[in-house]
Amino acid sequence: RPINRYRSFDIQSHDQWTCMMSNAVGGVSILPELVALYRRHPKTVTGSYERRKVSLRHRVTSKPSIEQLSWQAIVCESYASYLALQGAEATDARLAKKLDKARMDYELQSEILRLRAELYQGRSWSSRMSSLWGLVLLGGYLRKSRSSIGAKAFVRDAIHALV
């Protein structure tokens, strides 16, 4: 399996792997009947369902972690490489095509994350604007795919690039 997005573990967890592969080859279906019980304990390492209320001002003015953005770009590259290997080994042409599309999506997501890290690292106005323009050209804000980071991110990034 590819590397894990959580640095405390070396390889991708089975849950993440199952989700990544399901999305790559066809998506996830919700079953109407209960088929499993899922328990979260207070010391879970993969996060919680608690949602913090964050003000709009904080969302717009806070900066994402450059280190985290760079790490996520590396993780997406790892996912893309893994999917390329799986696609090369696939004997079914339809499956190989789906895996290749997912590979391209992760490569795009990696590039978007890399450019976003560059935007927040940029010391000069021109370097920040260059990164923002690159994100716009890639469709990083408005695409309807797993690669999109959304319109709210555009507002935050544009404010940071201009200031």
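**Figure 1. Y106 is a buried residue, at 9% relative accessibility.** Buried means under 20% relative accessible area, exposed over 50%, and partly exposed in between (1.4 Å probe, protein chains only). This is a predicted model: local features need pLDDT of at least 70, side-chain atom pairs count only at pLDDT 80 or more, and totals for chains, interfaces and linings use all residues. Residues are numbered from 1 along each chain as its sequence is written, and side-chain values use heavy atoms, with hydrogens and water left out.

**Figure 2. The structure holds two aromatic pairs.** The ring centres of Y79 and Y106 lie 5.2 Å apart with planes at 80°, so this pair is edge-to-face. Y79 sits in helix α3 (residues 66-89) and Y106 in helix α4 (residues 93-121), 27 residues apart. Y79 is buried, at 8% relative accessibility. In the pair of Y141 and F154, the ring centres are 5.0 Å apart and the planes at 70°, so it too is edge-to-face. Y141 lies in the loop between α5 (125-138) and α6 (151-162), and F154 in helix α6. Y141 is buried at 5% relative accessibility, whereas F154 is partly exposed at 32%. Rings of Phe, Tyr and Trp (its six-membered ring) pair if their centres lie within 6.5 Å; planes under 30 degrees apart count as stacked, over 60 as edge-to-face and the rest as tilted. Helices (H or I, at least four residues) are DSSP runs, numbered from the N terminus.

**Figure 3. R116 and D157 form a salt bridge (2.8 Å, N to O).** A salt bridge needs a side-chain nitrogen of Lys or Arg within 4 Å of a carboxyl oxygen of Asp or Glu. The pair links helix α4, which holds R116, to helix α6, which holds D157, across 41 residues of the chain. R116 is buried at 9% relative accessibility. D157 is buried at 0%.

Figure 4. D105 is buried, at 10% relative accessibility. E118 and R114 meet at 2.1 Å, N to O, and they too are four residues apart in helix α4. E118 is partly exposed at 32%, and R114 is partly exposed at 33%.

**Figure 5. D100, R103 and E107 are linked in a network of salt bridges.** The whole structure holds six salt bridges.

Note on methods
Helix = DSSP H or I, 4+ residues; strand = E, 2+ residues; numbered from the N terminus.
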